[in-house]
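Here is a short note for a first look at this entry. Please read it with the structure open beside you.

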Number of protein chains: 2
Amino acid sequence: MEVIRSKSNRLIKETKKLHQKKYRKESYLIEGWHLFEEARKANAEIERVFALENHVNQVTGSIPVTVVSPEIVQELSDSQTPQGIVAQVALKQPLFPKQLTGKYLVLEDVQDPGNVGTMIRTADAAGYDAVFISDKSADIYSLKTLRSMQGSHFHLPIYRVAIDDLLGQFKANHVRILATTLSTHSVDYKAIRVPDSFAIIMGNEGQGISRLVEEQADELVHIQMPGQAESLNVAVAAGILLFSFI
Amino acid sequence: MEVIRSKSNRLIKETKKLHQKKYRKESYLIEGWHLFEEARKANAEIERVFALENHVNQVTGSIPVTVVSPEIVQELSDSQTPQGIVAQVALKQPLFPKQLTGKYLVLEDVQDPGNVGTMIRTADAAGYDAVFISDKSADIYSLKTLRSMQGSHFHLPIYRVAIDDLLGQFKANHVRILATTLSTHSVDYKAIRVPDSFAIIMGNEGQGISRLVEEQADELVHIQMPGQAESLNVAVAAGILLFSFI
């Protein structure tokens with residue numbers, strides 16, 4: 001078993017590059033035992049594990065294991081309190097489905113990795129069939145997004161798409177498009193009856209949904225707020241809608 | 001008008017201490033124009049404003065203004081992208097109400113400032129009457145919590161309390177106590193009919209609610225999850241419940 005104690009080791013330096021999106025073409029890093037177990041349960045291809053010496057026994061099977069020091073675990077994860085394991089997992093983009101039918105969540109240009117991860121986790125919890133995210137949304141394979149997502153990317157397919165193409169596909173497949181807006185010139189979500197196939201589109205934290213989505217949507221939806229706050233956090237709003245529509 | 005360009009200035013150093021909870025006895029800091037406007041609308045006592053030279057005209061009235069450099073604004077806020085204004089606001093704890101009647105949110109030992117702030121913002125949006133937070137929950141006057149809260153502490157009272165006292169007060173005032181749990185040995189929220197006066201208790205991110213709350217609650221509530229995720233983010237769960245019960 002390989003043992004590495006130096007941060008300047010070539011393998012460590014190469015692996016750390018996976019913190020940057022441009023290097024995450026074929027693999028990405030996950031941190032912590034929970035995600036490692038989720039990866040195993042999902043039969044994800046785990047290419048390598050970096051673990052503390054006293055944790056190595058917890059990694060069974062034929063995965064290559066590298067024993068590293070606590071400093072290196074810290075270096076490879078971006079967590080304040082890393083859990084003694086970082087794993088490199090093969091990145092497999094799912095193929096766009098030939099037919100669309102089911103319940104979908106769409107994220108249009110959501111910037112914050114925590115929001116993106118939390119919404120995917122919520123869609124998973126609520127039993128949605130897939131999540132579609134626009135090119136400009138936060139990357140789902142960053143450690144931050146993965147932490148909020150808590151393994152949900154192992155449970156449901158996540159497609160990175162161009163929004164205009166996606167809207168066309170929804171229309172061709174009779175998937176009803178519900179776009180969320182802050183405007184009260186739209187329907188309160190409590191008055192909405194959803195069909196079997198629908199997609200909820202959540203927009204950017206500051207700007208909301210794009211003009212294109214607003215024009216193409218079958219229905220514009222808002223959450224009526226009797227209180228004084230001007231808006232809801234986008235992940236909270238998504239949670240309310242996703243659970244209301246199941 | 002005072003102008004300060006040195007980070008080692010005594011006023012700046014004193015003010016920066018307000019980043020630490022132990023110094024926030026009588027005042028706290030807010031960052032950005034949105035919170036500043038909310039403070040004004042709420043007639044909060046703004047003790048001092050630190051602003052960039054080109055923003056000073058935006059601060060009207062009799063508030064003492066100190067012109068500072070961008071580096072000092074950065075130093076006083078903890079934001080990556082500060083907005084050119086930091087204000088020191090008098091901290092006024094609301095008196096515990098003599099009578100309890102209405103819709104309440106209770107946070108028991110919620111650790112993450114972002115979660116605490118987001119839940120208070122959501123309770124505000126949903127028109128709840130007050131929020132009660134346990135001693136061990138994240139401080140609401142940290143810049144992080146304030147950022148997530150988006151000014152909601154100016155809209156509804158937030159009481160820091162001992163949970164056992166609070167439960168006694170709820171019982172004495174016939175406020176129905178609904179405690180959230182992950183256990184499915186409880187009632188799905190969709191089956192709950194709430195009375196006029198009730199309190200929803202959200203627990204710690206890792207441990208959930210305490211044994212005491214579990215025992216004293218009138219009803220244990222969970223959110224049924226048809227999908228594969230093991231749990232929801234606590235702020236998302238709160239959002240679903242708060243809006244479902246209004």
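This is a predicted model: local features need pLDDT of at least 70, side-chain atom pairs count only at pLDDT 80 or more; totals for chains, interfaces and linings use all residues.

1. Extent of the interface. Chain A and chain B touch. The contact involves 31 residues of chain A and 32 residues of chain B. Together the two chains bury about 2,300 Å². Carbon and sulfur atoms account for 58% of that area.

2. Polar links across the interface. How many salt bridges are there between chain A and chain B? The count is 0. Polar contacts are another matter: 16 residue pairs make them across the interface, with both residues at pLDDT 80 or more.

3. The chain A side. Helix H2 (33-41), helix H4 (113-125) and helix H8 (234-244) of chain A each give two or more residues to the side that touches chain B. By class, that side has 13 nonpolar, 12 polar and 6 charged residues.

4. Salt bridges overall. Side chains of opposite charge can pair when their charged atoms come close. Over all chains, the structure holds 22 salt bridges. A few of them follow.

5. Arg48(A) and Glu2(A). These side chains form a salt bridge, at 3.7 Å from N to O. The pair links distant parts of the chain, 46 residues apart. Arg48(A) lies in strand E3 (residues 46-51) of chain A, and Glu2(A) in strand E1 (residues 2-4) of chain A. Arg48(A) is partly exposed, at 22% relative accessibility. Glu2(A) is partly exposed too, with 39%.

6. Asp139(A) and Arg24(A). In this salt bridge the closest N and O atoms are 2.5 Å apart. Again distant parts of the chain are linked, here 115 residues apart. Asp139(A) sits in the loop between strand E7 (130-134) and helix H5 (143-149) of chain A. Arg24(A) sits in the loop between helix H1 (10-16) and strand E2 (27-31) of chain A. Are these two residues buried or exposed? Asp139(A) has a relative accessible area of 14%, so it counts as buried. Arg24(A), at 9%, is also buried.

7. Glu14(B) and Lys17(B). Chain B supplies this salt bridge, with the closest N and O atoms 3.3 Å apart. Glu14(B) is partly exposed, with a relative accessible area of 38%. Lys17(B) is partly exposed as well, with 29%.

8. A network. Which residues are linked in a network of salt bridges? One such network joins Lys7(A), Lys16(A) and Glu75(A).

How values were computed. Residues are numbered from 1 along each chain as its sequence is written. Chains are lettered from A and ligands numbered from 1 in the order in which they are written. Side-chain values use heavy atoms; hydrogens and water are left out. Contact means heavy atoms within 4.5 Å. Buried area is the accessible area (1.4 Å probe) that two parts lose on being put together, summed over both. A salt bridge is a side-chain nitrogen of Lys or Arg within 4 Å of a carboxyl oxygen of Asp or Glu. A polar contact is a pair of N or O atoms within 3.5 Å; within protein, one must be able to donate a hydrogen and the other to accept it, and residues adjacent in sequence count only if both atoms are side-chain atoms. Helices (H or I, at least four residues) and strands (E, at least two) are DSSP runs, numbered from the N terminus. Ala, Val, Leu, Ile, Met, Phe, Trp, Tyr, Cys and Pro count as nonpolar, Asp, Glu, Lys and Arg as charged, and the others, Gly among them, as polar. Buried means under 20% relative accessible area, exposed over 50%, partly exposed in between (1.4 Å probe, protein chains only).
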